[in-house]
Structures are given as structure tokens and as C-alpha cells.
Amino acid sequence: MRRVTPIRFHLIIALSILFGCLAPQTTFALSLQAGDGLGAPVSLAGHLEVLHDPTGALSMDDIASGRPELAFKPIPSMLTEGYRTGAVWVRFSLSTSAPAERWLLQVERPLLEQVALYAPDGAGHLVSSPASVVAGDETGPRAYTTLFPLSVPAGESQFFIRFQSMTSITTALNVWQAEGYERYRRSDHWIMGLVLGAIGAMLLANLLFSYLLRDSLYLLYAGVLLVSSLMTIFHLGYADEILRFLAPAQIQRSWGVIVCLYSLVMVWFMGRLFEFRRHSIWAWRAIQAIVVLNGVAMLFALAGRYSDVALLVSRLQQFSYIFIAMFVLYLLAVRRQFQYLLSTLAFSGVITVSLVMQSQYAGTNLLGVDSSLARFMAVGTLVHLVLLSAAVAQRARQAERRLSEEKDRAIALSRSAEQQLALKVSERTAALAESNASLEAEVERRQGLETKLQQSLDAVNDALAQQRDFVAVVSHEFRAPLAVIAAAADNLSLLGGEAASRIAPRVLRIRQTVQRMSLLIENALTGDRLGAGQPAATAIERLALGPLLRTACSGLDDDGAARVRIVSDGDGEAEVSGERRLVEIAVLNLVQNALKYSAAGSPVTVRLSADRGLARIDVVDRGAGVAPDDRELIFMRYYRAAGQLVAGSGLGLYIARAIARQHGGDLVLASSGPDGSTFSLSLPIAAAAELEAV
């Protein structure tokens, strides 16, 4: 046991020495020499202490009070506090043997809204405003808004910086001499000019390609170039110079919009470039979801609330890059899609740098980086954009090659189809020649049939002409005897004495028969006239329907005239234009029809009315009604309903409707039932101009 104890003691001592060598050494006082800050910056990494102020209410007096709860904690490298609410205080100590007015403090990331330096003045710490000139230039524009002149005394002095921002509080602190910073900024000018010039040339080229090739991928890549140039402007600290037309608050707000827009456009472009939709619809849906989330975050940024979504945007960008990288590896390793090698190479570097920067912005610094990656990001952006332009050009060449192959395949198919078509044409020609012979024979046969048909048609027309002549002659010949019979009946009705009572019923039947025969002759002549295609109305005149109805009904026998009742609703003097005799025939047909089909002695109502530019004549009977199946058929020529006991020719309703339509009106069965039917004859009321013309 006595030998073991010294061994344990020496082992503990050795492990302590080893741990002390490996553990990060943090010294909080930094001594500045005369040659420091000329060729390269002096980094304050390892000399910083940090204090979190969640409320943002602590003042410099509170910090200097030394209260125990306000204890600063050392950090081993650059400041990576992420997206914090409130404020962050940083403390560091400096000493120098060089002149006191030669030093500048550079807060490397130019995207922090509120940065204040508290420098010692012997009695306390006074706030120092950022330098408004670049390296002593009294008139030049600001390059970094967070460049502070430092007065470092010979002894050790403590300095405090207060940070507060809606963006990530991630930055590196460097000390320069004025001459060294001037050279540093001149090199930044060259980098900025080179990047923006190259991006501008590529932007114009892709806009031209988009117009000439009609491919939206080039337009989308032009958007990537534009947003990448804006990102470079912000990262290198030129936002104040280039966007000087905006207020500082608007410049800070635009940073959040540009970050969201960059993520949105870049993810959408990569999804199109690697053809996610063609390889996996679910991967394409994930790309669309990421784009939508970035779009929502951009709305927050536009509303000035980027701080609410900044961490989400950072994490979303990390996730999207990792997701795209994994899917591209799947395409290369599993699907063997080696056409994406150049595109993968173009994005690998910038994705790596972006992931490191996003991890810093989120508050982690796993690689222990001690300075900003802004320059590396700018140069990497230029390199990856050049490689990406080559990848887009390669994609165009591949598309052209595929198009050429498709053209060759189409030409081969066209030639094969042409040969097959020639063979089919020869076959079809032979078949058509045979069909032609058959067709010629068929044409000759049909021409013979057509000749015979024409002869038959001529014979039919001759027969119809003879029939019309016969009907006209017969009708004319019938009128004279009917007139003699009507005159004889009138003479018989004048006899008096005892014979008058016996003769009166016979005279009545003679008169009714004469009327029916006269109406039948009129209907036959009118129907023949309409069927021959001759105009129905030739002698157009102005007709007052009230007197016309009374004139038409005056030709009825005494029994019929006693049963008919004429009623006028509204404008009883409605006037129409037409041929009087034809309108009287139409009305008389309707009245005679109603008298025939009504029960003996029952009344028939003729109602005259006017409505909406139409004169209506409604004839109401007291018959048994019309069967539903016959309600349209009764208007056909020579049609008579089955089982009908009343004598008739089947021409009355047909002729009445034809006359009404020839005059621009119509005849319809308005209603029908067991208690009777109503036929409605409508004629257009003549306008004043028409009446004057008549």
C-alpha cells in the first residue's frame, strides 16, 4: 500500500499536466504591439468574456458595479450567441506600447442592429459611436457600421460591448491599425467587384438563355444569381454603400427578407436542377413544403418580425441542405444518375460553408472557427456559381443530345412509317380501283333510278295539279247549286199558314247542310292553297277583331247563333293586319268545331283579349274534352280521333292553325277536360306604323 500511494500521486500529477496542455487556454488581456494589425487583424478570440442580459435593461453602470449575479463567462473563440432576446455584453482587456490613436476595433459581421462600445476614460466608461469613415477618410461612405476607433492606454484597460439584434448575435472581433484596415478594405473592393461583375454577366446570359430556349430553369437560376449577389453585398458589409437609398432600419429589415428569399429560390432551383419531381414525387413534395415555409417566414420578415422566425429559417436551411445532399447521394450511389456529378460538385463547397455559418448563427461553433467566413463565402459563391453555370450548360447539352437522339429516332420511325405507308397506298390504290369500278356501276344504276324517280315525280306533280284543278272546278260547281238550295230554303221559310210549322225544321236542316258544305268547300280550297306553298295572305288589310268576330258568327244558323256568346276582356277593339277572309275562316272553323262537339243546346263562349302585344281569341266549348294522346295530333291534316261519332273532314283545326301561323300567330289547345276544351288563337297586334302603311 505504501508503494501504491506515490504511484497514484504521480499519475494524478501527469494527468493534470496533460489536461492543462489539452484544455483551451483563455487569456483575457491582449497586449498590442507596434506591428500588429498591419498585415492581418489581431483576433480577440480567446480574450473575450460574455454576459447575457435577457431583459435588455442593464446599463453600463450596472455592469461596472461588479454585482455577483452579473458574472462574465469566458468563451474560447468568436462570439456565437445565436438568436437571443434581450442583450449580450462582451468584456475584453487591451494594453499596448504603440501610439494610442492608431487602433480600430472591427466587429466583423455587419448585420447587427445595435452595437455600442464602452471605452474607459479614466473616470468610468463612455459609449463610443461607430466610425463613420473608412480608415481616416473624412468624406468616404461607411463600409462597416460597426468599426470603432480605439484609444488603448499603455496599461491594461477593460472595454465593454453591448449587442442587441433581431438577427443572430454571431461575430468575430478584430483589432486593426488604420493602414492595415485600408489595405484589407481595398482587397474587399476587388473581391466585391469581381463577384458582382461575374454575377452580372451570368445573370444577363441566363436571362438571354431563358428567352431564347424558353426554359424557366434559366430564369430561376437568374433569380439565384440575383439573391446570391445581395447575400454577398450584406456579408461583405457593403449594404450601407449600395443600398444607401434605404434607411438603416429598412436595410436591417431587408436582410431577413433576403435570407428567406435566398433559401426559397435556392431550394426551388436545386429541386428543379436535380429533377426531384422525375425521380420521386414525395421528395418533390418535401421541396415544395420547404419553399412554402420559407415563403411564410418571408412574410414575417416583411412585417418586421424576422426575429420571431429567424431561428426557424436557420434550422430550415440546414435541414433543406442536408435533405438535398442525402437525396443527391441517393441519385448518384443508388440510381446511378452520374449526369448530376458537376452539379453536385458545384454545390458541395457552398453547402458546407453555409452549414457551418448556419450552425454559427444558431449558436454553435462545433469546428471552433475564430473568424467570419464572409470572404470565403463570397469567393465560394463565385466559384459555385461558375460551376453551376457549367452544370446548367451541361444540362442544356444533355437536353440537346436527347433531342438529337429523339430526332434520329423520329426520322427512323418516319422512314419506316413511310415505307409501310407506300405499301398500304399501293394496296389501297388497287382496292380503290376495284371500288371505282363498282362505284361507276352503282352511279349508272342510280342515274337510271333517278330518271325513273323524276318521271314518277313529274307524274305525281301532274296528278296533283290535275287534282287541284279538279277541286277548284268541283268547288266552283258546288257553290252555284248550294246557292240555289240556300235561296230555295229562304223562299220556303217565307211560306205561311199551316205548312209553315211542318216546313221550318226541314228548312233548318237544309240551311245547316248548306253551311257545312260551304265551309267544307272553303276549307278544301284553303287547304289546297296552303299545301301548294302559295302565300296564305295576299290582300292584307287592317282588321278590328271585335267586328270581325261578330261578322264571322253572323253566318251561323239561328240555333248556332243563339248558342254563341262573344265576350270582350280589356281592349275589345284590338287591331291586327291580315287577310280578312282567312281570319274569318279560322274563327268560323273554331266556332263550328265547338258547336259540333258540345252537347246540344250548350253555350259556346268566344272571348277576345289582348296581352303583351298579342290579341287572343279563346273559344270555349262544353264537349267531352280531348284525350291526352290526341292533343297534338288533332292539328294534323285529315286526322280524326278514334271512336269519334261527329262528322267532319279533319281539316278545320289544321287550316285554322296554318292561317294563324301565316299571320305570325299560333293556335293551341289551352286546356281540356271532361267539362270542355279551350282553343286559343293568338295574332300579333299591329304596330302604329304597320296600321298606317295598311
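1. A definition to start with: a residue counts as exposed when its relative accessible area is over 50%, and as buried when that value is under 20%. Keep in mind that this is a predicted model. Arg336 comes to 55%, so it goes down as exposed. You'll find Arg336 in the loop between α9 and α10. Its phi is positive, about 60 degrees, although the residue is not a glycine. As background, most residues other than glycine have a negative phi.

2. Buried or exposed, then, for Arg612? Exposed, because its relative accessible area is 81% and the cut-off is over 50%.

3. Now the hairpin. Strands β8 (residues 114–120) and β9 (residues 125–128) run antiparallel and pair over four bridges. Within that pairing, Tyr118 has Val127 in β9 as its bridge partner. Four residues sit between the two strands, and Gly122 in the turn has a positive phi of about 100 degrees.

4. On to an open sheet: four strands in the order β2-β13-β7-β10, with antiparallel pairing. Its edges are β2 (42–43) and β10 (147–150), each of which pairs on one side only. Further in, β7 (residues 103–107) and β13 (residues 173–177) are joined by five bridges, again in the antiparallel sense.

5. Phe92 belongs to strand β6 (residues 87–96) and Phe159 to strand β11 (residues 157–164), so the contact ties together parts that are 67 residues apart in sequence. Phe92 is buried, at a relative accessible area of 1%, and Phe159 is buried too, at 0%.

6. Which rings are linked into a cluster by ring pairs? Phe276, Phe319, Phe323, Phe327 and Tyr330.

7. Two arginines sit over aromatic rings. The charged end of Arg214 is over the ring of Tyr211, 4.8 Å from its centre. Arg657 lies over the face of Phe635, at 3.8 Å from the ring centre.

8. How many residues line the largest cavity? The lining has 16, and nearest the centre are Met231, Trp255, Val259, Gln358 and Tyr361. The elements giving two or more residues to this lining are α4 (216–235), α6 (248–273), α9 (306–333) and α10 (341–361). Of these, α10 gives the most, with four residues. By class, the lining has nine nonpolar, six polar and one charged residues.

Technical notes
Residues numbered from 1 in each chain as written. Predicted model: local features only at pLDDT ≥ 70, side-chain atom pairs only at ≥ 80, totals over all residues. Heavy atoms only, no water. 1 Å grid on protein atoms, 1.4 Å probe; cavity = no way out; pocket = protein on both sides within 12 Å on 5 of 7 lines; lining within 4 Å. Nonpolar A, V, L, I, M, F, W, Y, C, P; charged D, E, K, R; others polar. Pairing = 2+ DSSP bridges. Buried < 20%, exposed > 50% of the residue type's maximum accessible area, 1.4 Å probe, protein only. Phe/Tyr/Trp six-rings, centres within 6.5 Å; stacked < 30°, edge-to-face > 60°. Lys NZ or Arg CZ within 6 Å of the ring centre and 35° of its normal.
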